Amino acid sequence: MKIKVIVTLKSGVLDPQGKAIQQTLNGMGFVNVKDVRQGKYFDIDINESDEQKAKQSAEEICKKLLANQVIEDFKII
Amino acid sequence: MNSSVIIFPGSNCDRDMDVALKKFGFKNKMVWHDDDKLPKSDLIVLPGGFSYGDYLRCGSIAGKSKIIQSVIDFANSGGLVLGICNGFQILTETGLLKGVLQQNKNIEFICKNVFVKINNSENKFFENIDKDVLELHIAHNEGNYFCSEGELKSLEDNNQIAAYYCGSDGKVDDKSNPNGATKNIAGIFNEKKNILGMMPHPERMIDQSLSGEDGSIFFENLLRNLK
């Protein structure tokens, strides 16, 4: 079962890379870009046919390794 | 006194630390991350570097390596643990220290000498230290210390902030903050003060031929306190 995970910085946490991307986009002429937040995306293949169980594993994986919950949130999609 | 330096794939300050510890009289052993037992030690050091290439987050993979459970057990039983730079990042990833080291505010790798003010000397690391402002070296891309407001309050209330970035006169201000760290924090302790994580590298300032010798003060004092 394939699971997709997105890890993003929590709102309010400084994202200097996102800020640099936003400023570059503004400089390139995309003046309508107000804010950019950069995140991480993971494709995980879990050896599990039950969707519920796979998602449970994914949640544990996110909490224990993929996201540092001091500054990051995760979404399983 | 016996010390152990843990080597992870990508550690690059492990030998500097070995040289520094031996110079000041520690009997040091190098321990590979894939071992599961620590030699008898009075001090465990997690050195600087780029463990696992900083993949995922700095220190996150090293924080799950085989030796780490022994380090956690050692720390929880009151053993002295020192994490420098990447070692500090690993300590936050294991949960032994609060907060996280984020990317530097200016998105630059910073490599320079800085001054740090020792904030708490009621512990084995800094007790009786001759100077309270030390000139040390930093070299990092992720040294911007961050924690929640609640965690910051508890760090302050329990006197867990070990050192602040400051000017040569010891003044802690925005100007002397190299990386955007919350409140200029350069290093912190755990609640019991037997675990110290800090970004600056004392092992890089232990010889006249290097750019300073304030690191010597740190190691000499640490050994004195352990005897």
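Predicted model: local features only at pLDDT ≥ 70, side-chain atom pairs only at ≥ 80, totals over all residues.

Student: What makes chain A more spread out than a compact globule?

Tutor: Chain A contains 2 helices and 3 strands, arranged along the sequence as β-α-β-α-β. Its radius of gyration is 16 Å, whereas the globule rule gives 11 Å for 77 residues; the value is well over the rule, so chain A is more spread out than a compact globule. The C-alpha trace of chain A spans about 45 × 25 × 15 Å along its principal axes, and buried residues make up 12% of the chain.

Student: Which residues of helix α2 of chain B are called buried?

Tutor: They are Ile68(B), Val71(B) and Ala75(B), in the helix that covers residues 68-76. The term requires 20 or more other C-beta atoms within 10 Å of a residue's own.

Student: Why are these buried residues said to line one face of α2(B)?

Tutor: Viewed down the helix axis, they fall within an arc of 55°, so they line one face. As background, an α-helix has 3.6 residues a turn, so residues three or four places apart point the same way. On the other side of α2(B), Gln69(B) and Asp73(B) are exposed.

Student: Against what do the buried residues of α2(B) pack?

Tutor: They pack against several elements of chain B, including β1 (2-7), β3 (43-46) and α3 (86-94). The helix α2(B) lies across β1, β3, β4 and β11 of chain B and runs at about 125° to β4(B). Just after the helix, Gly78(B) takes a positive phi of about 100°.

Student: What makes β2 and β7 of chain B edge strands of the sheet?

Tutor: The open sheet has 9 strands in the order β2-β1-β3-β4-β11-β10-β9-β6-β7 (chain B), with mixed pairing. Strands β2 (27-32) and β7 (133-140) each have a single partner strand, so one side of each is left without a neighbour in the sheet.

Student: How do you know that β9 and β10 of chain B pair?

Tutor: Pairing requires at least two bridges. Strand β9 (residues 161-166) is joined to β10 (residues 185-189) of chain B by 3 bridges, and the two run antiparallel. Within this pair, Tyr164(B) stands opposite Ile185(B).

Student: Why is Leu65(A) called partly exposed?

Tutor: Leu65(A) has 15 other C-beta atoms within 10 Å. A buried residue needs 20 or more and an exposed one 12 or fewer, so this count falls in between. Leu65(A) belongs to helix α2 (residues 51-66) of chain A.

Student: Which residues does Leu65(A) touch, leaving aside its neighbours within four places in sequence?

Tutor: Leu65(A) is in contact with Ser60(B) and Lys64(B). The contact between the chains takes 12 residues from chain B and 8 residues from chain A. The side of chain B that touches chain A has 4 nonpolar, 5 polar and 3 charged residues.

Notes. Residues numbered from 1 in each chain as written. Chains lettered and ligands numbered in written order. Helix = DSSP H or I, 4+ residues; strand = E, 2+ residues; numbered from the N terminus. Rg over C-alpha atoms; globule rule 2.2 N^0.38 Å. Arc of directions from axis to C-beta. Contact = placed C-beta atoms within 7 Å. Axes fitted to C-alpha atoms, helices over the stretch in contact; angles between N-to-C directions. Nonpolar A, V, L, I, M, F, W, Y, C, P; charged D, E, K, R; others polar.
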